[in-house]
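Subject: Structure for you to look at

Hello,

Here is the structure for you to open. Please keep it on screen while you read the notes below it.

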Amino acid sequence: MRKPRVAFICVHNSCRSQMAEALGKHLASEVFDSYSAGTETKPQINQDAVRIMKDRFSIDMEETQHSKLLDELPEIDIVIKMGCNVICPFLPSQYEEDWGLDDPSGKPDEEFHRVIDIIEKNMVDLSRRISEGEIELQLIE
């Protein structure tokens, strides 16, 4: 059976959702496949996010990820909204939740670290809930 596909979405797919995709791959790849996307794209991932993720986790998001649109994703089982403060993009799924994160773009490094800490905690919890069957999914090949 295939692993669940989790999409982390926000409008621009350049900062929070990219960090979540990277942390999902780093922390939970044995439980689910991680993707990120938005309704608009940026020419590059937020450079503060790239630098801080490299420093904290030795993850180079520019090597493995790029800004993507929702229609570039495969069929998704779980949608995690990052916290859009506007209308979040819609993506069909079997389960959805909103992590309500503030966008750290343009803010000091401490704000990036605070958001990353929350993403990391939520990622571990999401992985546990999927593993223990708290989130019921019908996984069709």
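A crossing of two helices is left-handed if the near helix is turned anticlockwise from the far one by less than a right angle, and right-handed if clockwise. Helices (H or I, at least four residues) and strands (E, at least two) are DSSP runs, numbered from the N terminus. With that in hand, H1 passes H4 in a right-handed crossing.

First, the ground rules. This is a predicted model, where local features need pLDDT of at least 70, side-chain atom pairs count only at pLDDT 80 or more, and totals for chains, interfaces and linings use all residues. Residues are numbered from 1 along each chain as its sequence is written, and side-chain values use heavy atoms, with hydrogens and water left out.

Back to H1 and H4. Their axes come within 10 Å and cross at roughly 45°. Axes are lines fitted to C-alpha atoms, for helices over the stretch in contact, and angles run from 0 to 180 degrees between N-to-C directions. That makes H1 oblique to H4 (under 35 degrees is roughly parallel, over 145 roughly antiparallel, 65 to 115 roughly perpendicular, the rest oblique). Contact means heavy atoms within 4.5 Å. On the H1 side, the residues in contact include Met 19, Leu 23 and Leu 27. On the H4 side, they include Phe 112, Ile 116 and Met 123.

Next, H1 and H2. Helix H1 covers residues 16–28 and helix H2 covers residues 47–57. Their axes come within 11 Å and cross at roughly 20°. That makes H1 roughly parallel to H2. This crossing is right-handed. H1 brings Met 19, Ala 22, Leu 23 and His 26 to the contact, and H2 brings Ala 49, Met 53 and Phe 57.

Now the aromatic rings. How many aromatic pairs does the structure hold? The structure holds one. Phe 8 and Trp 99 form this tilted pair, 5.8 Å centre to centre with 50° between the planes. Rings of Phe, Tyr and Trp (its six-membered ring) pair if their centres lie within 6.5 Å; planes under 30 degrees apart count as stacked, over 60 as edge-to-face and the rest as tilted. Phe 8 sits in strand E1, and Trp 99 in the loop between strand E4 and helix H4, 91 residues apart. Both Phe 8 and Trp 99 are buried (under 20% relative accessible area; exposed is over 50%, partly exposed in between, with a 1.4 Å probe and protein chains only).

Last, Arg 129 in helix H4. Arg 129 is buried, because its relative accessible area is 12%.

Best wishes
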